[in-house]
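This report goes through a protein model together with its ligands. Please keep the sequence and the structure in view while reading.

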Amino acid sequence: MKVLGIETSCDDTGIGLYSTSSGLIAHHIYTQDVHHQFGGVIPELASRDHLSKVLPLIRKTLNEAELSFSDLGGIAYTTGPGLIGALMTGACVGRALAYSLNIPGLGVHHLEGHVLSPFLGNPSLTFPFLALLVAGGHTLLVHVKGLGDYSILGSTLDDSVGEAFDKTAKLLGLPYPGGALLAELAEDGVSGRFDFPRPLLDRPGLDFSFSGLKTSVLYATKKVDLNDASVRADIARGFEDAVVETLVKKCQRALKTTGLKTLAVAGGVGANKELRKQLNQQLSSNVSIYYAPKEFCTDNGAMIAYAGWLRLSKGQCDDLSITVNPRWQLKTLKTV
Ligand code: KG4
Ligand code: ZN
């Protein structure tokens, strides 16, 4: 079966094609730049941009794979969580295509797509595992027992880690979304000059909190000359060190609590080099670590095609109604 995946939950239009015989066949991502001037995603603009890009991108992906609509066996589209208008755009297109082609269509949970994304490119990964999902909208530690069988061990009490990266990047004058740029800047910085707090590490539990860390950076920026490039780089370094140490320690704690021996890292911040380096250095001696391929860390259609393919292959499909759930909780999914 060949499954077309459509991702439109936020500001990336992602299309993927996954097949039973060949795995991931093709994919394309269009990242909207219309929001950059506003320093954040404007929901209405996101929906409109998805609307104009989604069909051309589907055609481009099919053409590249030398396939036509009639080759498809199922359509998977993100139905939550995310921006309601953006989700509706992809869900309407996906549902309508499935109906017109007389094939099954299925709404996919965006975070399930992320959690399963390390399977793309890592054939030796197997259930169960601990997933560290570090994205723009979510920060989660999940005990992944099987498809649809997820226990949330920890989540953020305030900002997500991606948000903290983006807000700190903004304080340092970097454009939105600045996470990757901040990480680049940190490479030139010196560790230890700015020592920021490691939030909640002094307390038991697996939850995260990043808004206080961001506020500490704000106070620090008020006492220094931000025109000095080395100061900016050292702040970026100090911030990244604090985030990475917090994430690594929480993973260590979660692995100890659950007894799991496999860690899978997903989401936009999962592309962060320093995070990967520290996880490898500190955990890999007794834990197998798998990362989502970098191109599938941020939002993409491949992970939706893959998650959809897994479920459609087990006979799941939705009825003809088009329903999206902007606040869909991962823990409400049922074991398949
Ligand atoms: O997974 P994603 O697309 O977001 C959600 O689905 O919510 O991740 C986007 C986030 C943004 O906050 C972006 O700044 C951050 O991931 N990001 C990074 C890096 N690459 C992307 N943060 C730190 N280091 C990176 N290399
Ligand atoms: Zn995402």
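Predicted model: local features only at pLDDT ≥ 70, side-chain atom pairs only at ≥ 80, totals over all residues.

## The zinc site

Which protein residues donate to the zinc ion (ligand 2)? The protein donors are His110 and His114, each through NE2, and Asp299 through OD, lying 2.0 Å from the metal. Along the chain, the donors of the zinc ion follow the spacing H-x3-H-x184-D. The two histidines sit 4 residues apart in helix α3, so about one helical turn separates His110 from His114. Both His110 and His114 are buried.

For reference, the ideal angle for four tetrahedral donors at a metal is 109.5 degrees.

## The site of ligand 1

There are 19 residues around ligand 1, and those that come nearest are Gly136, Gly137, Asp166, Gly268 and Asp299.

A polar backbone atom of Gly136 is 2.9 Å from an oxygen atom of the ligand, and a polar backbone atom of Gly137 is 2.6 Å from an oxygen atom of the ligand. For Asp299, a polar side-chain atom lies 2.7 Å from an oxygen atom of ligand 1. Taken alone, ligand 1 exposes 560 Å², and the protein buries 86% of that area.

What is the make-up of the shell around ligand 1? Its residues divide into 7 nonpolar, 10 polar and 2 charged. Helices α3 (110–116), α4 (161–171) and α5 (179–186) each supply at least two residues of this shell.

## Backbone geometry

Where are the cis peptide bonds described here, and which proline does each involve? One joins Gly80 and Pro81, with omega about -10°. Pro81 has its place in the loop between β4 (74–80) and α2 (84–101). Another cis bond runs from Tyr176 to Pro177, with omega near -10°. Pro177 lies in the loop between α4 and α5, two helices that each supply at least two residues of the shell around ligand 1.

Positive phi values are found in Glu66 and Asn102, neither of which is glycine. For Glu66, phi is near 55°. This residue lies in the loop between α1 (43–64) and β4. Glu66 has a relative accessible area of 73%, so it counts as exposed. Phi of Asn102 is about 60°, and this residue is in the loop between α2 and β5 (105–109). Asn102 counts as exposed because its relative accessibility is 71%.

## Buried residues and their partners

The table gives pairs of residues by their separation along the chain and by the distance between their C-alpha atoms.

| Pair | Apart in sequence | C-alpha to C-alpha |
|---|---|---|
| Gly105 and Gly74 | 31 residues | 5.7 Å |
| Leu125 and Pro293 | 168 residues | 13 Å |
| Asn122 and Pro293 | 171 residues | 8.5 Å |
| Ala91 and Ile75 | 16 residues | 9.9 Å |

Are the residues named at the left of each pair buried or exposed? Gly105, in strand β5, is buried, with a relative accessible area of 1%. Ala91 has its place in helix α2 and is buried, with a relative accessible area of 0%.

Leu125 and Asn122 are both in the loop between α3 and β6 (129–134). Leu125 is buried at a relative accessible area of 3%. Asn122 has 16% relative accessibility, and this value falls under 20%, so the residue counts as buried.

Terms used. Residues numbered from 1 in each chain as written. Chains lettered and ligands numbered in written order. Heavy atoms only, no water. Near = heavy atom within 4 Å. Polar contact = N/O pair within 3.5 Å; in protein donor to acceptor, adjacent residues only side chain to side chain. Areas by Shrake-Rupley, 256 points an atom, 1.4 Å probe, with all protein chains shown as cover. Nonpolar A, V, L, I, M, F, W, Y, C, P; charged D, E, K, R; others polar. Donors = N, O, S within 2.8 Å, 3.2 Å for Na, K, Ca; no water. Buried < 20%, exposed > 50% of the residue type's maximum accessible area, 1.4 Å probe, protein only.
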